[in-house]
Every structure is written in C-alpha cells, then in structure tokens.
Amino acid sequence: MMDRDQLISFRRDLHAHAEPGFLEYRTAGRIERALAGLPVTIRSGSQVQDLSGVVNYPDPATREHWAQLAIAGGADPERTAYFVRHGTALVAEVAGNQPGPVWAIRTDIDALPIREADDDRHRPARDGYHSTTGAMHACGHDCHATIGVSLLHRLSDHDFPGAVRIFFQPAEEGVRGAQTMIDAGVLEGVDRMLGVHVAGGKPTSTIVGSVVGGMATRKLAVTFRGVAAHASGSPQDGRNALLAAASASLSIMSLPRFSGTDTRLNVGTLHAGDNVNIVPALAEMTCEARATDDEVIEDLTARVLQVIAGTADAYRVEQQAVITGRAVTISPDDPLVDKIIAAAGQLDGVPEIQRHSPQGGSDDVNLMIRGVQAAGGQGAYINVGANSPAPHHNPYFSPDEDVIFTAADLLERVVRNG
C-alpha cells in the first residue's frame with residue numbers, strides 16, 4: 001500500500017505536470033502506474049468514455065502538443081498514444097468479500113488554463129513542484145486523483161461489503177467530462193454515487209456531509225460569420241461579425257434576472273477579426289448561463305439563444321450556437337448523508353462536521369448523482385476542508401495536503417461501514 005510520503009509525492013507529481021480537460025495523458029498514465037499490481041479491474045477507452053457527442057474536442061495539433069509534453073514528462077509513449085486516440089477516462093473497481101452495495105466515487109483529474117504563481121509566497125514554487133505546463137491544478141483535482149488512488153490501495157484487502165468503482169473523470173472544468181462517461185454506461189449497477197472535493201475556504205479536515213443546491217449551467221460556444229470588406233473603401237459590402245458578437249454580448253449580460261432564483265450570466269471570451277482595416281468576417285465567443293433552478297436554466301438558455309439569433313439577423317450575419325457543457329443542481333439523499341456524518345464522527349482530527357453546505361458553483365458530478373438517483377440509488381457530494389491561502393481558480397491556490405488523508409479516511413470508513 002502506498003504510504004503517506006508516496007501519496008504526497010504522487011500528488012505533487014500530478015501537480016507539477018498539470019493538464020487541461022480531455023488532454024490528461026500523463027495524468028491518466030500515472031494513475032495506471034500507481035494502481036499497477038493491485039487486485040483491481042481498470043477499464044479505459046470506449047468502455048468508460050463516449051466522445052462522439054463532445055463539441056469542440058481538442059484539435060489534432062493541440063492533442064499532439066500535450067502528448068509531446070506528457071512524453072517529455074516521462075509518460076509512456078504507447079499509453080500516451082492510446083489516450084490520445086481513445087480518451088483519458090479511467091474506471092478502477094475493487095470488489096469486497098461480502099454482499100453489499102456498489103459504490104461509485106467520482107474523482108476528477110483535469111487542470112485549469114491558469115499559469116501558476118512561481119514566487120516564494122506560493123508553496124509549490126517554494127518547494128519545487130509548481131506547474132510549468134501553462135495549466136494549473138487550481139481547484140484541487142490533483143488531490144482528488146490522489147484520494148482515489150489511496151482508497152483503492154486501502155480497499156485492496158477486500159475486507160468490505162459490496163464493490164467500489166473510482167471514476168477518474170476528465171474535463172470537469174467546463175462541465176464536459178461526466179456526460180461522456182455516463183454515455184458509456186459507467187453508472188450501470190451503481191447503488192450509491194459520491195462526489196468528493198477539497199474545500200479551500202474551510203479549515204483543514206472540516207467535513208461536509210454533502211453540498212446542496214448548486215447551480216445548473218449551460219456553456220455555449222458561438223460563431224458569427226459575416227463578410228469581409230475594406231473598412232474604408234467599401235464598408236457597405238461587409239457584414240461585421242465582431243459588431244454582432246459585441247452587441248450579443250451586451251444583450252446577454254442585460255437579460256432580466258428571475259425573482260426567487262439566483263442566476264448568473266457571463267461572456268467569457270470573444271475573438272474576432274484579421275486586421276485593423278478589414279471588416280471582421282468571423283467572431284467566436286463563449287458564454288455561460290447558470291441558475292439555482294433546473295427549469296429556470298432551460299428558460300434562461302433559451303433567451304440567450306434568442307439573443308444570439310436575433311442579433312445575427314439584425315447584423316445580417318450567420319450564427320451557430322452549440323452547448324459544450326452542462327450541469328444540474330444537487331439534492332442529496334438524507335439516509336446517505338446520515339452514513340457520511342456517522343463515519344465522520346468515527347475519525348480523529350476532524351475540527352468540525354457540517355451536515356450540509358451550499359454549493360457555490362457548478363459541477364457535472366451532479367449529473368452522475370442525478371442519474372443514479374433516477375435509477376433508484378442514492379447520492380451525495382462530500383466536501384473536505386483544505387485551508388488554502390488563496391481561493392479556488394487562483395494562481396496561488398494551495399490546499400493543505402492533510403485533506404487527502406482525511407478524505408481517504410472518511411471514504412474508507414463509509415465503505416467499510418456498508
């Protein structure tokens with residue numbers, strides 16, 4: 001079994017070689033290596049991930065860039081080529097020696113497109129394991145992967161009821177990866193579905209039985225196509241895609257809010273044009289809608305799409321808007337939260353146990369939880385305090401590594417309790 005020092009070394013290795021969503025080639029290979037020799041079944045490729053419905057999957061040049069980075073970082077070239085072709089999701093399953101429920105635990109593995117801080121105020125830089133890939137584990141997914149690996153090592157004695165599946169999920173950021181695994185059938189036979197996430201804003205080892213609520217979301221990629229023309233000599237012949245996108249951006253941000261429901265709208269990127277004296281013929285934009293109500297998000301998204309279509313019509317340009325990611329709200333099952341709280345009470349070194357805490361953002365593990373619940377099972381989403389000096393998605397995010405062991409202790413206790 002991997003000891004504490006080995007697990008910390010593993011986590012720091014993942015951290016130093018952070019990879020974005022759907023490009024976690026080295027990360028997936030390192031997880032496989034960390035599980036080598038254990039009595040677990042590991043599935044990958046089309047068995048656990050259906051990529052056919054992914055919009056804006058990384059293009060060949062991007063995949064090749066990250067594959068070469070992975071290999072330069074010590075990844076096996078053959079396994080890297082496999083992940084490039086078939087996707088990076090993994091499902092590792094271990095069976096107990098007694099009848100019991102089938103547990104699934106989601107641990108996400110992707111990083112964010114953030115350049116990590118490299119000064120001495122930041123522990124990973126100070127201790128020599130900060131990322132230089134251009135991506136950063138600024139949300140703790142390196143910890144989550146380590147928690148999953150640790151739990152599989154602990155449960156390799158088979159002394160528990162039922163079975164445990166660890167979902168090593170790519171592309172949580174942008175809420176894109178969970179659906180690819182759901183579409184491949186990974187939820188089949190699952191009785192209890194858990195998510196686990198470090199909570200950088202809570203004291204180390206504080207345990208939350210489950211977050212609640214959260215925000216349903218839709219992420220959109222939008223393209224406006226116009227006609228190029230000389231900006232001075234013949235502007236009347238042009239159709240300005242940039243102006244259409246800019247106008248749509250302002251209109252999206254001006255949409256009315258909903259009484260009784262918290263909503264968010266954001267235009268995240270806008271890229272357009274070729275030169276200062278050319279009417280822009282192409283503009284590409286990303287935006288998102290969020291709401292604390294699953295019905296409201298459908299209405300709000302429909303309004304966003306109407307704005308895009310209407311603006312394109314007004315500027316006489318073509319438009320295409322596609323949904324690239326989605327998530328739903330979460331309503332955990334009380335009996336399962338009871339079991340988590342009871343297990344937390346059996347642990348030492350836990351400063352506080354909270355039954356519930358609001359989920360401030362969006363997470364596609366909620367789709368997995370909702371899917372298991374719809375089939376008659378139970379679900380919850382555990383948070384464990386990590387006391388980071390900076391918030392999530394920040395270049396100085398740095399969770400206390402003790403969170404790994406508290407979370408693994410908790411999950412082990414929950415599973416062994418049956």
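Start with the lining of the second largest pocket, which by class has 5 nonpolar, 5 polar and 4 charged residues, where Ala, Val, Leu, Ile, Met, Phe, Trp, Tyr, Cys and Pro count as nonpolar, Asp, Glu, Lys and Arg as charged, and the others, Gly among them, as polar. This is a predicted model, in which local features need pLDDT of at least 70 and side-chain atom pairs count only at pLDDT 80 or more, while totals for chains, interfaces and linings use all residues. Residues are numbered from 1 along each chain as its sequence is written, and side-chain values use heavy atoms, with hydrogens and water left out.

To find the centre of this pocket, select Gly-53, Val-54, Arg-176, Gln-179 and Thr-324, which lie nearest to it among the 14 lining residues. A pocket here is an open set of points on a 1 Å grid over the protein atoms alone, where a 1.4 Å probe fits, with protein on both sides within 12 Å along at least five of seven lines, and lining residues have an atom within 4 Å of a point. The space amounts to about 180 Å³, a volume being the space filled by probe spheres set on the points, which are joined across faces, edges and corners. Next show helix H7 (177-183) and strand E10 (318-327), each of which supplies at least two residues of the lining; E10 gives the largest share, 4 residues. Helices (H or I, at least four residues) and strands (E, at least two) are DSSP runs, numbered from the N terminus.

Move to strand E12 (residues 378-385), which is largely enclosed by the rest of the structure because 7 of its 8 residues are buried, meaning under 20% relative accessible area with a 1.4 Å probe, protein chains only. Strand E5 (residues 192-199) pairs with E12 in the parallel sense over 8 bridges, pairing requiring at least two bridges found by DSSP, and Ala-199 stands opposite Gly-385. Strand E6 (residues 207-212) pairs with E12 in the antiparallel sense over 2 bridges, with Ile-207 facing its bridge partner Val-384.

Then select helix H6 (residues 141-154), where 14 of 14 residues are buried. Within this range, Cys-143 has a relative accessible area of 0%, and its sulfur is 10 Å from the closest cysteine sulfur, in Cys-139, too far for a bond. The structure holds 0 disulfides, a disulfide being a pair of cysteine sulfur atoms within 2.5 Å.

Finish at helix H2 (residues 25-35), with 10 of its 11 residues buried, and at Gly-37, which follows H2 and has a positive phi, near 90°.

Terms used. Buried < 20%, exposed > 50% of the residue type's maximum accessible area, 1.4 Å probe, protein only.
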